[in-house]
Every structure is written in C-alpha cells, then in structure tokens.
Amino acid sequence: MTPLLERDVHLFDLDNTLYHPKNAILEQIAPLMRRFISNELSISIEESNALCDSYYQRYGGTIRGIQLHHSSVDLKQFSDFSHQVNLDNVEKATQLKDALHAFKKSRYVFTNSPLPYATRLLKHIDLYDCFDGIFSVELTGYKMKPDPHAFNTICKHFDFEASDAAFYDDQLSNLATAKALGMRTILVNRADIEQHDACYKTEDLPNFMTSLIK
Ligand SMILES: [Mg+2]
C-alpha cells in the first residue's frame, strides 16, 4: 500500500499543479498585476515590476504585499483586474478528472488565487466537480501560503488535522511549510528541480493519481 493512501485528506494547489505550466496562465496574470499597480500607485511599469516581484518573493503573493504596504489599493478591484485571463487555449483535464473521481479520499483545492478565478478555471478545465471544496486566498485574509496561517486555517475550515493530509503543490516554499506541519508532500510539475525535500515528485499528476489507486 502506498503510504500516501494513509492520508484521508488530499489538498491540491491550483495554478501550475492542476494544469500544466505550459498553459502559461500565470504569465498572463503578472503583467495585469503590474499594470494595475503602476496605475494605482502612479509609478512606472519598471518600478511596479520590481515591487510586485519583491512582494511575491517575500509573501508568496503580490496581493499580500499590497495589503500590508498600500492600504489605499482596493484588493478586490486589484484581484478582479489581474485575473482576467484568456483560457481559450487551455484544454480540459480529462485524465485528471477521471483519476480524481476514482480516488476515494477527501479532496480540496488549496489556492493562493481568488475564488472567482479559481471557479472559472476549474470549470473551464472540467475539474470543478472533482473536489469537496475550494479554499481560496480570501479565506486566509490574504495571509497566504507559504505562511503557516493559511495551512492552519484550511485545517480548521474543513475540520481535519495536518497529520491527516497530503499536499500537492509546485512551490518548494509551500511544500516546506506543509511538511513542517506534518503533511505528506508532493512536488508537482517541476522538471526544473532535482533537489527537494518533498516526499514525492511528479511531472504527470494524472498518472501519479492513477498509479495510487492501482
Ligand atoms: Mg502553484
């Protein structure tokens, strides 16, 4: 039996985890964030780029830095504007859908993205009905992954212990917090990373999930 199957709750990051990074959706979001912040703070695009990058590195998400350091910015407007992405070329996740439906564990989406975007994207790739719930960034008060607050909050929200959970994500910092709290961790879609502390690694989540139940 695969040790992962001892875990009753499986938490999945959304961006670049439930869909492949080749879809380049985050690459659409970043320029929109930068344009919005440039306009709101009356700074150049170059200054906005540097600011957004520094907040992303420091807090795990640009919006957390904006919340902490620029209280004049309307976070909902910022979030709505920056997540107006074109999904026309993003395909349905048919194999992953089948694998998730066959995987008889509690399944939640755990994302640093906002709920309207997460809902739209999950519906587009046809995974919306594969989960028992979506835990989006609003529920953390924007104190998002990798902050332990986000992990402790999702545990309380869905009433489970960290030691009951497995966590799938493409970011090492998020996986590090999860592991420190007692979760099993799976690094997803990072062919560029060889050295890591995750319990498992896969560049093919649909096959990984399928192999768990065989
Ligand atoms: Mg991600």
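This is a predicted model: local features need pLDDT of at least 70, side-chain atom pairs count only at pLDDT 80 or more; totals for chains, interfaces and linings use all residues.
## Where H1 meets H4

Let's start with a spot where two helices touch. On the H1 side you'll find Ile29, Leu32, Met33 and Phe36, and they meet Phe78, Phe81 and Ser82 of H4.

## How the two helices cross

Two packed helices are described by the angle between their axes and the distance between the axes. Here, H1 covers residues 26-41 and H4 covers residues 75-82. Their axes come within 8 Å and cross at roughly 140 degrees.

So what do we call that arrangement of H1 and H4? The two helices are oblique to each other, because an angle counts as roughly antiparallel only when it is over 145 degrees. As for handedness, H1 goes past H4 in a right-handed crossing.

## The sheet

Now for the strands. Six of them make an open sheet, lined up as S3-S2-S1-S4-S5-S6, and the pairing is parallel. Which strands stand at the edges? They are S3 (133-135) and S6 (200-202). Each has a single partner strand, so one side of each is left without a neighbour in the sheet. Going from one strand to the next, the twist averages 25 degrees.

S5 (residues 184-188) runs parallel to S6, and three bridges join the pair. If you want to find one of the bridge partners in the structure, look for Ile186, whose partner in S6 is Tyr200.

Methods. Residues are numbered from 1 along each chain as its sequence is written. Axes are lines fitted to C-alpha atoms, for helices over the stretch in contact, and angles run from 0 to 180 degrees between N-to-C directions. Helices (H or I, at least four residues) and strands (E, at least two) are DSSP runs, numbered from the N terminus. Angles under 35 degrees count as roughly parallel, over 145 as roughly antiparallel, 65 to 115 as roughly perpendicular and the rest as oblique. A crossing is left-handed if the near helix is turned anticlockwise from the far one by less than a right angle, and right-handed if clockwise. Two residues are in contact if their C-beta atoms, placed from the backbone, lie within 7 Å. Two strands pair if DSSP finds at least two bridges between them.
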